[in-house]
Amino acid sequence: MSAYCQVTQTSPQFGHHVSHAQNKTKRRFNPNIQKRTYFVPSLKRNVTLNLSARGIKVIDARGIESVVAELIARGEKI
């Protein structure tokens, strides 16, 4: 599973590990991706999405119907 949120479009960010001696080595900050399944009444089926923790909160606030409509308009595969 790739580290990409379908709702917030969050992807990995890059930076450095910094030691006490200020040595810098490359690292990757992955978003907290979880696979969630929702029933969408307008589509009359279950939809499985790869979501970050923030994406789950967006669905809780706005509702699955509006979020799925936005994903379809954007051209995301559902």
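The model described here is a predicted one, in which local features need pLDDT of at least 70 and side-chain atom pairs count only at pLDDT 80 or more, while totals for chains, interfaces and linings use all residues. Residues are numbered from 1 along each chain as its sequence is written, and side-chain values use heavy atoms, with hydrogens and water left out.

Helices (H or I, at least four residues) and strands (E, at least two) are DSSP runs, numbered from the N terminus. In general, an α-helix has 3.6 residues a turn, so residues three or four places apart point the same way. Arg 74 also forms a salt bridge with Glu 76, at 3.6 Å from N to O. Through shared partners, salt bridges join Arg 62, Glu 70, Arg 74 and Glu 76 into one network. The link between Glu 70 and Arg 62 has its closest N and O atoms 2.8 Å apart. Glu 70 is partly exposed at 34% relative accessibility, and Arg 62 is partly exposed at 43%. Across the whole structure, a search finds three salt bridges.

Helix H2 has a buried side as well. Its buried residues are Ile 64, Val 67, Val 68 and Leu 71. Viewed down the axis of H2, these residues fall within an arc of 95°, so they line one face of the helix (the arc is that of the directions from the helix axis to the C-beta atoms). The elements covering them include S3, S4 and H1. After H2 comes Gly 75, with a positive phi near 95°.

The interior can be followed from here. In soluble globular proteins, nonpolar side chains tend to be buried together. A nonpolar core is a set of buried Ala, Val, Leu, Ile, Met, Phe, Trp, Tyr and Cys residues joined through side-chain atoms within 4.5 Å. The largest such core has 14 residues, and those with the most contacts inside it are Val 7, Tyr 38, Leu 49, Leu 51, Ile 59 and Ile 64. Strand S3 (33-40), strand S4, helix H1 (53-62) and helix H2 (64-74) each supply at least two residues of this core, and H2 gives the largest share, four residues. Beyond its neighbours within four places in sequence, Ile 64 is in contact with Tyr 38, Phe 39, Val 40, Leu 49 and Ile 59 (contact means heavy atoms within 4.5 Å).

Ser 52 lies in S4 and is buried, with a relative accessible area of 6%. Apart from neighbours within four places in sequence, Ser 52 is in contact with Cys 5, Thr 8, Asn 32 and Ile 33. Thr 48, placed in S4 (residues 45-52), is partly exposed at 42% relative accessibility.

Technical notes
Buried means under 20% relative accessible area, exposed over 50%, partly exposed in between (1.4 Å probe, protein chains only). A salt bridge is a side-chain nitrogen of Lys or Arg within 4 Å of a carboxyl oxygen of Asp or Glu.
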